[in-house]
Amino acid sequence: MEAAFFVMAIMGCGDAATTCATTRVEPAHYATVQQCQAAMPAALARNNDLDFPVVSAACQRNGVQMVERASGKARG
């Protein structure tokens, strides 16, 4: 089973930075959100060719995520 990781989405936004759409996803995978956030300045510098008034980035969890079940009686 594949572990969860983070990817960085590069987004193009309108003037008020309210209407944003993902335009690219960086090819790197990060083990933690902190590693992803630390890489943002360089990623934004690499993606300065987008034709949007505002370009931003966001770290997003990707991969398989597990949910732990609480022990006890079943609901229903």
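Modeller: A residue is called buried under 20% relative accessible area, exposed over 50%, and partly exposed in between, with a 1.4 Å probe and protein chains only. The model is predicted, so local features need pLDDT of at least 70 and side-chain atom pairs count only at pLDDT 80 or more, while totals for chains, interfaces and linings use all residues. Residues are numbered from 1 along each chain as its sequence is written, and side-chain values use heavy atoms, with hydrogens and water left out.

Biologist: How many disulfides does the count come to?

Modeller: A disulfide is a pair of cysteine sulfur atoms within 2.5 Å. In this structure the count comes to two. Counting the bonded cysteines along the chain, the pattern is 1-2, 3-4.

Biologist: Which residue forms a disulfide with Cys13?

Modeller: Cys13 is bonded to Cys20, with 2.1 Å between their sulfur atoms. The torsion about this S-S bond is about 110 degrees, and the disulfide of Cys13 and Cys20 is therefore right-handed.

Biologist: Is Cys13 buried or exposed?

Modeller: Cys13 is buried, its relative accessible area being 2%.

Biologist: What is the handedness of the link of Cys36 and Cys59?

Modeller: Cys36 and Cys59 are joined at an S to S distance of 2.1 Å. The link of Cys36 and Cys59 is left-handed, with -100 degrees about the S-S bond. Cys36 belongs to helix α1 (residues 33-38) and Cys59 to strand β3 (residues 54-62), so the pair ties together parts that are 23 residues apart in sequence. Here helices (H or I, at least four residues) and strands (E, at least two) are DSSP runs, numbered from the N terminus. Cys36 is buried, with a relative accessible area of 0%.
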